[in-house]
Amino acid sequence: MTGVPIHHDCEALMIVITAPTGNIGRPLLATLLESAAEDLRVIVRDPARLPAAARDRVDVITGSHGDADVLDRAFDGADAVFWLVPPDASQTPHDGFSGFTQPAAKAFAAHGVGHVVGVSALGRGTPVADRAGLVTATLAMDDLIAGSGVAYRALANPSFFENFLEDCDSIRDEGVFVDVVDADRKAPLVAVADIAAVAAGLLLDRSWTGIDSVPVLGPQDLSPNDLARIMTEQLGRPVRYERQPFEELHATLAGYGLNAEFVQAVVDMKRAKDAGLDASVVRTPDTASPTSFEQWCAETLAPAVRG
């Protein structure tokens with residue numbers, strides 16, 4: 001992706017990072033530490049999960065970023081916030097996204113936070129946006145943040161390459177990965193490291209104002225059949241795609257004892273993606289990101305399957 005130019009003020013300002021030990025937060029924190037341009041604060045439930053090299057260089061607030069008291073401490077003196085809500089399968093999508101974010105929206109305003117970068121999803125403005133399950137809930141969360149008075153950039157992401165790590169066992173043992181979309185349905189996919197890079201650029205250069213989304217689309221659209229071909233090439237073993245019926249996905253998720261509305265929201269999201277939810281934005285040099293699926297398979301999936 002075309003990088004946002006980095007501007008450093010003479011006076012160091014505070015950036016707050018939520019979910020700093022997660023798939024996106026980890027590389028984001030590393031990038032911001034490398035820049036050494038601004039003071040960093042993290043909100044983390046378990047500080048022991050932070051990289052050892054980071055612990056002495058960041059201000060650590062222990063707790064949940066859904067807790068108003070924790071946010072009051074974390075946002076004191078903060079100029080910018082990276083906001084990520086991990087999906088909670090024990091709650092309804094509304095409670096898990098907008099409900100979780102409500103204290104933050106109030107705290108942004110109370111503490112005069114100027115800029116927020118949030119992890120969101122593609123699909124706004126599409127015919128299926130209002131019935132896309134978890135994506136619909138995510139877009140409602142964006143609206144809540146946008147209404148708080150901050151300058152906001154929603155990182156509009158497709159599905160992540162990293163989701164395939166959940167299929168490591170079946171890829172290793174059976175040469176199969178499973179999803180519910182049509183085998184020839186091409187869609188963008190992205191590496192979480194690329195999302196982190198875009199977030200870092202936005203957090204370090206806060207010359208932007210207003211409300212907008214920033215698509216992060218990866219370098220090309222790929223179908224499940226394309227993915228199977230690339231996995232086969234990169235892993236050196238046959239891998240095929242198996243399409244699962246939506247009803248079977250619903251039954252599997254429900255069997256885990258998850259919140260019933262959350263289960264339905266996952267199925268609705270998948271159904272919307274099969275209807276073209278992620279195909280709404282044209283890839284340009286500004287919306288493309290560099291990591292190819294071939295590269296990701298070689299560097300990440302192959303060692304995980306072998307391991």
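1. In strand β1, M14, V16 and T18 point one way while I15 and I17 point the other, and all are buried. Buried means under 20% relative accessible area with a 1.4 Å probe, protein chains only. In a regular strand the side chains alternate between the two faces of the sheet. Because five of the five residues of β1 (residues 14-18) are buried, the strand is largely enclosed by the rest of the structure.

2. This is a predicted model, in which local features need pLDDT of at least 70 and side-chain atom pairs count only at pLDDT 80 or more, while totals for chains, interfaces and linings use all residues. Residues are numbered from 1 along each chain as its sequence is written, and side-chain values use heavy atoms, leaving out hydrogens and water.

3. β1 pairs with strand β2 (residues 39-44) in the parallel sense over five bridges; two strands pair if DSSP finds at least two bridges between them. The bridge partner of M14 in β2 is D39. From β1 the chain crosses through helix α1 (residues 25-35) to β2, and this β-α-β crossover is right-handed: with the strands pointing away from the viewer, the path from the first strand over the helix to the second runs clockwise.

4. β1 also pairs with strand β4 (residues 78-83), in the parallel sense over four bridges. Here I17 stands opposite F82.

5. Helix α10 (residues 260-274) has 15 residues, which should span 21 Å at 1.5 Å a residue; its end C-alpha atoms are 21 Å apart, which agrees. The expected span is 1.5 Å times one less than the number of residues. Just after α10, G276 takes a positive phi of about 100°.

Terms used. Buried < 20%, exposed > 50% of the residue type's maximum accessible area, 1.4 Å probe, protein only. Helix = DSSP H or I, 4+ residues; strand = E, 2+ residues; numbered from the N terminus.
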